[in-house]
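Please consult the sequence and the structure shown here alongside the text.

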Amino acid sequence: YECDRTLGNWKQMDAESLKSNLISKYNIFSQAEENSLKVSEIGDGNLNLVFIVATDIKQVIVKQALPYVRCVGPSWPFPLNRAFFENEALQFHNKVAPELIPKPLFFDKDNSLIVMEYLAPPYIILRKGLIQRIKYPKLAKDIAIFTAKTHFYSSALHLDNKTYRQKVSFWSENTEMCTLTEQVIFSDPYVDSDYNKWTTPHLDEIVNTIKTADDELIIAISELRHKFITAKEALIHGDLHTGSIMVTESETRVIDPEFAFYGPLGFDTGAFVANLFLNFFSQKQHETEPSKISEYSQWLLDTTVTFYTQYEEEFLNIWNGISDVQNGGDFPPNLINKNNNIKIAIQIKYLKNVFQDTLGFAAAKIIRRIIGIAHVEDLDSIKDPYTRSKCEIAAIKFARSLMVNRNQFKNIQEVVDLAKVYY
Ligand code: ADP
Ligand code: SR1
Ligand code: MG
Ligand code: MG
Ligand code: MG
């Protein structure tokens with residue numbers, strides 16, 4: 001399923017073609033249901049079409065890739081085969097963490113289209129929930145389990161070496177998605193690019209410093225970019241921001257893994273942490289006294305700490321065969337398994353590397369969401385430009401410090417303490 005620039009059999013779906021496919025080709029609805037089927041397009045992401053197709057008693061989601069970047073338009077062509085990789089990732093997630101994703105129901109390769117379970121209200125996109133200042137008690141643990149399981153079970157800690165190499169090769173074909181990330185996260189925000197934007201002139205000065213006078217930052221982002229390109233640790237989600245998570249107060253589901261590939265684990269954990277911090281800095285708009293930390297802001301910080309602590313704990317538990325054993329880990333191999341101290345030392349080193357990557361990638365993701373092409377509603381929705389700029393400048397300064405000093409932090413609590421200093 002190569003990606004070429006021709007459309008092949010791909011046809012953009014409308015209500016009529018969708019109904020007909022769902023009945024005759026995908027067998028999701030019956031002929032008898034045809035007259036009661038209703039279709040509405042609800043996509044609010046940057047890239048794809050998303051439809052709800054429903055009768056009075058049954059609903060499904062249909063997601064179709066477009067041959068271009070939706071939020072830019074046809075001037076930026078984009079590969080249709082991302083739907084193939086999204087479906088492959090969903091199938092893997094469905095094996096290792098079925099309770100944490102919408103169930104995949106059908107994949108139409110010709111039309112780059114996925115039919116999946118509809119997550120009905122009260123499910124909402126997590127970003128929207130955080131903007132409404134809703135607390136989610138299970139969120140940190142659920143995302144820790146999702147990331148730990150998907151990372152561990154696709155890594156060479158778990159897979160035999162030959163299978164692992166085959167998977168790295170297979171997923172490296174999702175290459176144009178990585179190219180987009182390399183541009184919009186690791187390059188554009190640090191140079192003059194027509195795609196960059198920021199929402200007030202109050203940011204001109206800090207943006208100019210980033211692009212012209214911050215050698216340490218440019219070195220750091222270059223190293224992170226290199227790591228993004230070369231690390232092949234496991235199958236990562238690739239776009240795990242708070243718009244890729246749907247929640248109720250008691251349940252969590254991860255959606256939208258179209259950017260999945262074999263990459264650095266810290267890119268996923270960093271995405272989640274970055275988006276919690278983006279919301280945290282947006283909360284500054286509500287504070288009645290300077291630098292005061294409201295109860296909700298503190299909940300965001302606690303959630304960050306719980307998430308990261310549980311991610312490491314869950315990852316180690318699987319590695320050690322304590323929880324959720326499909327097979328545990330076979331690294332280090334038998335030659336040294338007589339000495340458990342060696343295993344512990346290797347695990348500590350492994351997780352230290354993931355932690356430092358998490359901080360670096362989190363910082364990169366904070367910066368790109370404020371001065372790059374794709375922003376976040378948490379900050380963009382702050383009406384008063386001066387208030388917004390205060391939140392954004394605090395977030396950028398924090399991210400800058402986090403990125404260049406990413407190897408100095410001992411634990412996630414120290415990171416949260418730094419965020420409070422810049423708040
Ligand atoms: P994109 O790749 O364009 O970002 P997403 O997969 O993130 O597309 O979906 C866009 C929006 O569609 C989501 O923000 C959410 O509102 C809605 N959506 C997607 N999948 C589901 C689902 N399984 N159930 C309910 N809503 C969904
Ligand atoms: C053109 S940049 C669009 C962004 O939206 C996706 O969800 C990814 O985050 C990507 O970087
Ligand atoms: Mg999305
Ligand atoms: Mg997407
Ligand atoms: Mg991002």
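**Ligand sites and backbone geometry**

In this predicted model, a polar side-chain atom of Asp256 lies 3.0 Å from an oxygen atom of ligand 1, a polar contact being a pair of N or O atoms within 3.5 Å (within protein, one must be able to donate a hydrogen and the other to accept it, and residues adjacent in sequence count only if both atoms are side-chain atoms). Of the 550 Å² of accessible area that ligand 1 has on its own, the protein covers 93%, with areas taken from the Shrake-Rupley method with a 1.4 Å probe (for residues, only the protein chains shown count as cover).

The model is predicted, and local features need pLDDT of at least 70, side-chain atom pairs count only at pLDDT 80 or more, and totals for chains, interfaces and linings use all residues. Residues are numbered from 1 along each chain as its sequence is written, chains are lettered from A and ligands numbered from 1 in the order in which they are written, and side-chain values use heavy atoms, with hydrogens and water left out.

**Ligand 1**

- A polar side-chain atom of Asn48 is 2.7 Å from an oxygen atom of ligand 1, and a backbone N or O atom of Leu47 is 3.3 Å from an oxygen atom of ligand 1.
- There are 19 residues around ligand 1, of which Asp44, Asn48, Lys63, Leu119 and Glu258 come nearest; a residue counts as near if one of its heavy atoms lies within 4 Å.
- The shell around ligand 1 comprises eleven nonpolar, three polar and five charged residues, where Ala, Val, Leu, Ile, Met, Phe, Trp, Tyr, Cys and Pro count as nonpolar, Asp, Glu, Lys and Arg as charged, and the others, Gly among them, as polar.
- Strands β3 (59-64) and β7 (113-117) each contribute at least two residues to the shell around ligand 1; helices (H or I, at least four residues) and strands (E, at least two) are DSSP runs, numbered from the N terminus.
- Domain 1 (15-75 + 104-117) and domain 2 (124-422) each provide at least three residues of the shell around ligand 1, with bounds from an automatic or database domain assignment.

**Ligand 2**

- An oxygen atom of ligand 2 lies 2.6 Å from an N or O atom in the side chain of Asp239.
- Polar side-chain atoms also approach oxygen atoms of ligand 2 from Asn46, at 2.8 Å, and from Arg369, at 3.2 Å.
- Taken alone, ligand 2 exposes 320 Å², and the protein buries 96% of that.
- The residues around ligand 2 include Leu47, Val69, His241 and Phe259; by class, the shell holds six nonpolar, two polar and three charged residues.
- Helices α6 (175-184) and α11 (340-371) each supply at least two residues of the shell around ligand 2.
- Ligand 2 lies between domain 1 and domain 2, because both give residues to its shell.

**Backbone geometry**

- Pro121 and Pro122 are joined by a cis peptide bond, with omega about 15 degrees, and Pro122 is found in the loop between β7 and β8 (124-125).
- Ser112, in the loop between β6 (104-108) and β7, has a positive phi near 50 degrees although Ser112 is a residue other than glycine.
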